[in-house]
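Thanks for coming, everyone. Please take a moment with the sequence and the fold on the screen. Then I'll walk you through it.

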Amino acid sequence: MTSPIIGIDLGTTNCCAAWVTPAGEVRLIPYRDGSFTMPSIFALDEQDRELVGDEAKRQAQLNPHRTVQGAKRIIGLPFDDHVVTQMREYSEFEIREGAFGEPEIVLGTRTYSCEEISARFLRAIVDVASRHLGTVVSRAVVTVPAYFHDRQRQAVHEAGRKMGLDVVRVINAPTAAALAYGA
């Protein structure tokens with residue numbers, strides 16, 4: 001049997017996933033405690049452990065310099081892009097220029113690309129989906145905002161590759177909604 005393909009909404013604020021049952025019904029995959037969404041927050045705690053979702057959100061107030069929110073806004077953008085500049089102005093965490101002109105996020109002594117942080121979100125979602133479905137999930141369709149350009153879409157593919165996920169397709173959220181409505 002091949003791995004099921006799940007749909008992932010890699011959201012700026014929250015992420016969620018769904019799958020199509022053998023009966024053709026679309027079902028959301030529960031994340032935790034009856035919730036279907038995972039906060040799109042990544043952090044390092046004081047012991048340098050990586051936290052994703054609710055765990056990262058819990059430490060955001062106490063440790064904002066080691067907590068990342070909104071990394072998807074700057075994925076695939078050059079460091080000198082106005083969106084990166086705006087995010088640098090209001091973010092508690094440090095964003096610096098990487099070796100290839102891309103933004104890098106500094107948390108404590110560690111540095112992450114936006115793709116690496118998005119890969120952490122994808123890994124958390126895929127782990128939850130695998131447990132829920134009782135099988136290894138290794139393929140997904142990922143939705144992104146309609147304004148994402150090709151480099152940003154490619155960065156989402158790269159985030160999936162970094163964590164071993166075959167991103168079968170990256171589609172715009174409005175396109176996903178239209179397809180779902182048609183189904």
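In which sense do β2 and strand β4 pair, and over how many bridges? They pair in the antiparallel sense, over two bridges. Strand β4 covers residues 38-39. Its Pro-39 stands opposite Asn-14.

Before I go on, one caution. This is a predicted model.

Let's stay with β2. This strand spans residues 14-20. β1, residues 5-10, runs antiparallel to β2, and four bridges join the two. Look for Asp-9: opposite it, in β2, stands Cys-16. The link between β1 and β2 is a hairpin of three residues.

Now to β3, residues 26-28. β2 and β3 are antiparallel as well, with three bridges between them. Val-20 faces Val-26 of β3 as its opposite number. Here too we have a hairpin, this time with five residues between the strands. Find Gly-24 in that turn: its phi is positive, about 85 degrees.

Next, another sheet. What is the order of strands in the open sheet of three? The order is β6-β5-β7, and the pairing is antiparallel. β6 (50-52) and β7 (67-69) are at the edges. Each has a single partner strand, so one side of each lacks a neighbour in the sheet. From one strand to the next, the twist averages 15 degrees. β5 covers residues 41-44 and is joined to β7 by three bridges, antiparallel.

Cys-114 is in no disulfide either; its nearest cysteine sulfur is that of Cys-15, 14 Å away. Are these two residues buried or exposed? Cys-15 is buried, at a relative accessible area of 2%. Cys-114 is buried, also with a value of 2%. Both fall on that side because buried means under 20%.

The largest nonpolar core has 47 residues. Which of them touch the most other members? Ile-6, Ile-8 and Ile-105 do. The largest share of this core comes from helix α3, residues 114-133, with 11 residues.

Take Ile-6 as an example. Leaving out residues up to four places away in sequence, its contacts include Ala-17, Ala-18 and Trp-19. Further along the chain, Ile-6 touches Ile-125, Val-126, Ala-129 and Leu-133, among others. Arg-139 is also one of the residues that Ile-6 touches.

Last stop: Glu-104. Where does Glu-104 have its place? In strand β9, residues 103-107. Glu-104 counts as buried, because its relative accessibility is 19% and the cut-off is under 20%. Which residues does Glu-104 contact, beyond its neighbours within four places in sequence? Among them are Glu-94, Arg-96 and Glu-97. Thr-111 and Tyr-112 are also in contact with Glu-104.

That's my tour. Over to you.

Conventions. Residues numbered from 1 in each chain as written. Predicted model: local features only at pLDDT ≥ 70, side-chain atom pairs only at ≥ 80, totals over all residues. Heavy atoms only, no water. Pairing = 2+ DSSP bridges. Axes fitted to C-alpha atoms, helices over the stretch in contact; angles between N-to-C directions. Buried < 20%, exposed > 50% of the residue type's maximum accessible area, 1.4 Å probe, protein only. Disulfide = S-S within 2.5 Å. Core = buried A, V, L, I, M, F, W, Y, C linked by side-chain atoms within 4.5 Å. Contact = heavy atoms within 4.5 Å.
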